[in-house]
Amino acid sequence: MANRRQFFKTLAGATAGMYVMGRGGAANLLQAQAARRQIMVGGRRMRVVDIHQHWDMALPAEIVRGTPFEEFAKGGAGLDERIPLLDKEGIDVGVVGVNDFWWYEATDRGLARAICTVHNETLGMWHRMHPDRLVGMASVPLQFPDLAAEMLQDAVERHGARGVTIGGHVNGENLTLPKFDPFWAKVAEMGELVFMHPNGSANIIKDDGLAGPGGLGNVVGNPLETTVFLSRLILDGTLDKFPALKVCGAHGGGFLPSYFGRTEIGTQRGNQKPIFKKPPREYLRSQILADTMVFSEEGLRHLVAEMGVSQVVFGTDIPFGWPVNVDLIANASVLSDAEKEAILGGNLIKLLRLA
Amino acid sequence: MANRRQFFKTFAGAAAGIYVAGRGDTGAAAQAPAARRQVMVGGRRVRVVDIHAHSAVEEVEAVVQGTPFERQGRVGANRRLGPERIELIDGQGIDIQALSTNGFWWYSATDRSLASDIVRAQNEGMARWVGQHPDRFVGLASVGLQHPDLAVEQLDYAIRKLNLRGVAVGGHMNGEDLSLPKYDPFWAKAAELGAIVFMHPGGAENIVREGAFDGRGDLGNIMGNPLETTYFLSRLIFDGVFDRHPQLRVCGSHAGGYLPSYFGRTEAACDVRGNANCANTKRATEYLRSQILVDTMIFSDEGLRHLVNEMGVSQIVYGTDNPLDWPATVDLVLDAAWLSDADKEAILGGNLIKLLRIT
């Protein structure tokens with residue numbers, strides 16, 4: 001591609017090429033600013049940071065042409081539509097990842113690199129345009145762990161990425177296998193937060209294993225993948241090997257934090273020979289984090305009780321239509337003001353080194 | 001040990017409870033574990049009833065001899081009903097234990113007559129044992145759900161003629177959802193008879209790909225079991241089984257799996273997911289607070305608190321998984337400072353005394 005601007009125009013496609021403050025120019029400036037919700041707790045303006053936002057980013061057709069991934073040249077809306085949504089919900093910073101991790105199936109190293117490069121460059125560009133509103137999480141080709149480590153570093157150092165998004169497995173393989181150590185080592189070395197997002201437990205369930213009314217392939221399949229992923233990090237000693245590693249599980253950390261007793265006791269039973277060093281609850285309260293997607297005050301109270309407030313971070317799954325819940329947190333009678341501030345943004349401001 | 005009082009102090013540890021002489025007690029038997037724990041709440045003796053206990057009866061062995069089920073029908077040492085089971089419940093302070101046979105291996109008996117014989121042997125054998133110890137045990141029936149019309153007859157016979165008090169089922173029928181219309185007569189009969197349905201999972205074989213839970217941590221049990229229960233209860237909600245049978249009461253093992261403890265996503269599902277196609281007419285929480293029950297196998301004070309907050313005290317019942325290697329949770333309930341005495345009594349036994357028609 002000849003120059004960055006051409007690249008961007010091609011990429012943006014039908015959507016507005018550049019987001020400018022107050023759509024429609026200066027005349028609407030006041031209106032646009034007035035439309036931005038401010039979240040107050042105890043008379044103080046909260047800075048709200050959302051760890052869990054998706055962007056279904058379209059790739060330039062030439063990158064995926066002739067590959068099994070041609071369909072990913074068609075994407076959803078551009079990120080310019082995200083800002084008014086953040087404004088409306090009272091979210092100050094949206095942390096955005098490209099999930100589904102379909103590119104893990106790319107067996108060609110060059111292709112994998114090209115795909116993730118586009119992700120990171122594009123997210124980087126959006127971040128530079130809206131540094132106080134949008135932050136990209138690094139997108140990496142985890143099927144090549146050494147390359148993933150390299151690209152993580154690159155994304156953080158050159159494109160303003162903070163943290164890294166990953167799936168719960170790589171083509172069915174557990175991420176605690178020794179081959180993935182170079183990736184974990186790099187993450188831990190750089191102190192970057194890992195955000196794990198599931199995609200229906202394809203590594204665990206039979207096809208149609210959760211079919212039927214209720215959408216359980218997502219409603220159960222997603223938290224299931226997260227639960228297994230986090231459990232393995234404990235059970236296989238990965239969290240011991242990399243004590244600086246911090247991993248946030250999407251959707252309240254799946255089932256793990258909310259139904260922790262069976263995990264705790266399970267490891268103590270006579271038929272077990274655990275190799276991990278600390279009581280499981282210690283990992284839950286230090287190296288494992290969860291977003292707030294539990295949708296009720298009682299669910300939130302329970303999450304905080306089990307994990308500690310430092311491990312719970314605001315997340316919405318925008319744009320997938322789950323309840324945003326910023327008000328639920330801000331108004332939660334079960335949380336102190338300091339706890340609300342930490343969950344709504346304080347924890348993430350530290351973990352992602354946000355200015 | 002020098003005297004009885006010293007023995008009790010050592011044995012009781014930190015738990016509240018009074019140990020009194022059990023059966024066959026003589027001076028010399030002071031060191032034998034015949035002492036029966038009596039559970040007290042607010043100075044009152046309360047009855048502890050356990051919904052979740054595994055057993056099998058020898059009557060089945062003859063029936064499965066020479067069939068493909070010979071091995072599964074053999075009664076293993078830890079399923080056997082004998083003096084050691086009474087010692088176990090004495091020691092744990094369980095006044096009445098509701099027995100059930102899990103594994104549900106007989107669901108594969110496609111031959112109607114064999115299925116009928118197996119189930120009859122299980123239920124009559126259970127009734128025999130319970131009949132010998134009516135003050136300590138009640139029985140939950142087996143049924144051959146693979147023949148739903150037969151299961152209806154078996155359930156009717158078990159409840160009305162054998163004095164069993166409920167029925168145990170697995171989470172699926174050889175991979176099929178138990179919410180399918182073909183099983184409706186069974187749910188209808190259970191509701192009609194007021195027979196509580198106790199669901200026990202078997203590692204989510206209907207859901208999980210073979211080998212997916214291999215590796216450290218025994219996840220086939222630790223996760224597969226609650227997964228199966230979660231899916232089973234979700235199917236009953238979202239396929240409208242609870243709506244069709246408003247009197248139906250279903251108890252999910254292991255604190256109901258993930259469902260009650262992580263309920264927000266289930267609740268939001270039908271609102272958020274455009275393809276969800278939910279058949280339930282009420283909000284999911286309404287079933288959780290009325291038709292679904294769970295046992296207390298949650299293993300922490302905070303876990304129990306969350307369960308009670310989500311479901312209400314009336315839906316929580318004491319369960320142990322006897323005789324398997326899981327900590328008893330009677331003291332968890334007793335020590336819950338945030339539960340009233342009445343709530344503790346309900347959870348430990350009051351709820352089940354009603355549901356199992358214990359006098």
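1. Chain B holds 16 helices and 12 strands. Both are DSSP runs, numbered from the N terminus: helices are H or I with at least four residues, strands are E with at least two. The radius of gyration of chain B, 20 Å, is close to the 21 Å from the globule rule for 359 residues, so chain B is as compact as a globular protein of that length. That radius is taken over C-alpha atoms, and the rule is 2.2 Å times the number of residues to the power 0.38. The C-alpha trace of chain B spans about 70 × 50 × 45 Å along its principal axes.

2. On provenance: this is a predicted model, in which local features need pLDDT of at least 70 and side-chain atom pairs count only at pLDDT 80 or more, while totals for chains, interfaces and linings use all residues. Residues are numbered from 1 along each chain as its sequence is written, and chains are lettered from A and ligands numbered from 1 in the order in which they are written.

3. Chain A has 16 helices and 11 strands. Its radius of gyration is 20 Å, which agrees with the value near 20 Å for a compact globule of 355 residues. The C-alpha atoms of chain A fill a box of roughly 70 × 55 × 45 Å along the principal axes.

4. Burial next. In chain A, 54% of the 355 residues are buried; in chain B, 51% of the 359 residues are. Buried means 20 or more other C-beta atoms within 10 Å of the residue's own, with C-beta atoms placed from the backbone (exposed: 12 or fewer; partly exposed: in between).

5. Contacts (C-beta atoms, placed from the backbone, within 7 Å) were also counted by sequence separation. Among those with a separation of 6 or more, residues 24 or more positions apart account for 74% in chain A and 73% in chain B.

6. The largest nonpolar core has 216 residues; Leu152(A), Cys248(A), Leu155(B) and Val167(B) touch the most other members. Such a core is a set of buried Ala, Val, Leu, Ile, Met, Phe, Trp, Tyr and Cys residues joined through C-beta atoms within 7 Å. Leaving aside residues up to four places away in sequence, Leu152(A) touches Ala138(A), Val140(A), Val164(A), Lys186(A), Val187(A) and Glu192(A).

7. Chain B has an open, parallel sheet of 8 strands, ordered S5-S6-S7-S8-S9-S10-S11-S12. Two strands pair if DSSP finds at least two bridges between them. S9 (196–199) and S10 (250–252) of chain B have 3 parallel bridges. Met199(B) stands opposite Gly252(B).

8. Helix H7 (184–193) of chain B buries Phe186(B), Trp187(B), Lys189(B), Ala190(B) and Ala191(B). The buried residues of H7(B) pack against H6 (148–160), S8 (166–169), S9 and H10 (241–244) of chain B. Gly194(B) follows directly, with a positive phi of about 65°.

9. At the interface, 47 residues of chain B contact 49 residues of chain A. On the chain B side, H8 (219–222), H9 (224–238), H12 (264–272) and H14 (301–311) each give two or more residues. Buried residues in H14(B) include Leu304(B), Leu307(B) and Val308(B). After H14(B) comes Gly312(B), with a positive phi near 90°.

10. Domains: an automatic or database assignment divides chain B into domain 1 (1–38) and domain 2 (47–355).

Technical notes. Contact = placed C-beta atoms within 7 Å.
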